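Trainee: I am new to this structure. Can you walk me through how to read it?

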Amino acid sequence: MSEVFDEYAQYYDALYADKNYGEEARYLDALINQHSIIPVPSVLEFGAGSGKLQLALLGLGYDVTSVDLSPRMVAQAGKLGAKVEQGDIRDHQLEQKFDAVVAFFHVISYLTTDEDLEKGISNALSHLKPGGVFIFDVWFKDAVLAQKPEVRIKRVAHEGTEIVRIAEPSWDKGKDTVEVSYQLFVKRPGQESFGSFSEQHLLRYFSKNQVLRLSAQHDVALVAMEETITREDPDSQTWGVTVVLLAIPQQPLAQKRSLARSPERKNFTIEEN
Ligand SMILES: C[S@@+](CC[C@H](N)C(=O)[O-])C[C@H]1O[C@@H](n2cnc3c(N)ncnc32)[C@H](O)[C@@H]1O
């Protein structure tokens with residue numbers, strides 16, 4: 001996976017300059033408040049990219065630790081003032097447990113085999129305290145089947161640099177994956193012509209049943225699966241879905257009740273004992 005987010009990393013923020021990380025952080029904050037049954041000062045962020053979500057979460061008062069595989073993304077994060085550790089979410093170990101784990105903007109979709117997915121999910125949950133939540137977003141199968149991956153062209157001009165990105169998908173329906181071949185044409189200030197490079201990104205999409213099966217394999221409850229930001233029920237128009245897994249607490253009920261923060265949280269019941 002070392003070739004992913006390599007040369008592409010230096011153009012990442014220009015390509016996603018329109019992305020509203022403040023809104024995403026507030027959305028994650030709302031999900032944490034609704035679904036976590038423990039207080040959440042500390043957040044582990046998987047796949048932090050250039051660190052913009054980390055900075056937005058810090059702004060909301062969270063204590064954030066972030067990890068990303070790509071050394072060039074980590075370097076980019078450093079330039080923006082974010083602190084991101086270089087590591088692979090499939091096996092990176094931190095000597096600490098966190099109140100919440102987040103992996104946002106399709107990070108889990110980059111775990112394309114069952115084995116890698118299992119490693120990434122297990123590693124996230126091994127860093128999560130009981131009663132805390134693991135929140136991630138992925139491509140949603142219903143939308144991929146209905147809309148079908150297609151060639152897309154994106155043009156941006158950012159701080160004098162012109163970028164044209166052609167994204168050409170190659171769909172493997174048997175594996176529920178799409179390999180996106182990105183070709184970037186870049187003209188920096190002062191240059192007369194465009195240079196180009198390409199990068200292949202393999203991404204996996206998930207159905208609701210796949211997410212249910214995944215959650216059934218771990219000590220978690222699937223407490224939400226909804227359209228990212230709008231919070232609507234996902235349908236064939238919903239390319240990005242957000243999943244919230246609650247790490248089922250093992251403590252006695254009285255302690256759990258005293259930790260509860262959100263009376264209106266959905267789909268999770270604690271049995272009387
Ligand atoms: C689409 S970017 C999202 C970045 C960031 N979360 C954001 O919202 O801008 C996906 C990120 O996941 C990282 N990533 C992919 N696979 C990874 C892995 N196995 N371990 C750690 N990071 C990974 C990539 O390096 C990349 O920065």
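This is a predicted model: local features need pLDDT of at least 70, side-chain atom pairs count only at pLDDT 80 or more; totals for chains, interfaces and linings use all residues.

Trainee: Which residues of helix H4 are buried?

Mentor: Helix H4 spans residues 71–79, and its buried residues are Met73, Val74, Gln76 and Ala77. Now look down the axis of H4. The buried residues fall within an arc of 160°, so they line one face of the helix.

Trainee: Does Glu23 count as buried or exposed?

Mentor: Count the C-beta neighbours. Glu23 has 11, so Glu23 counts as exposed.

Trainee: Where does Phe5 lie, then?

Mentor: Phe5 is in the segment before H1. Phe5 counts as buried because it has 24 C-beta neighbours inside 10 Å. Check its backbone too. Phe5 is not a glycine, yet its phi is positive, about 55°.

Trainee: What is the phi of Ile229?

Mentor: Near 75°, a positive value in a residue other than glycine. Ile229 belongs to the loop between strand S10 (220–227) and strand S11 (240–247). Ile229 has 14 other C-beta atoms within 10 Å, so it is partly exposed.

Trainee: Let us move to the ligand. Which residues come nearest to the ligand?

Mentor: There are 20 residues around the ligand. Gly47, Gly49, Leu69, Ser70 and Phe105 come nearest. Next, ask which elements supply the shell. Helix H3 (52–59) and S2 each give two or more residues to the shell around the ligand.

Trainee: How do the residues of that shell divide by class?

Mentor: The shell has 12 nonpolar, four polar and four charged residues.

Trainee: Now the whole chain. Into which domains is the chain divided?

Mentor: Read the bounds with care. Domain 1 covers 9–140 + 207–259, and domain 2 covers 144–204. Their C-alpha centres lie 25 Å apart. The contact between them takes 12 residues from domain 1 and 14 residues from domain 2.

Trainee: Which element gives the most to the side of domain 1 that touches domain 2?

Mentor: H1 does, with three residues. Both H1 and strand S5 (128–140) supply at least two residues of that side. By class, the side of domain 1 that touches domain 2 has eight nonpolar, four polar and no charged residues.

Trainee: What average pLDDT does the chain have?

Mentor: The chain averages 92, and 90% of the residues score at least 70.

Technical notes:
Residues are numbered from 1 along each chain as its sequence is written. A residue is buried if 20 or more other C-beta atoms lie within 10 Å of its own, exposed if 12 or fewer, and partly exposed in between; C-beta atoms are placed from the backbone. Helices (H or I, at least four residues) and strands (E, at least two) are DSSP runs, numbered from the N terminus. The arc is that of the directions from the helix axis to the C-beta atoms. A residue is near a molecule or strand if its C-beta atom, placed from the backbone, lies within 6 Å of it. Ala, Val, Leu, Ile, Met, Phe, Trp, Tyr, Cys and Pro count as nonpolar, Asp, Glu, Lys and Arg as charged, and the others, Gly among them, as polar. Domain bounds come from an automatic or database domain assignment. Two residues are in contact if their C-beta atoms, placed from the backbone, lie within 7 Å. pLDDT is the predictor's confidence in each residue, from 0 to 100.
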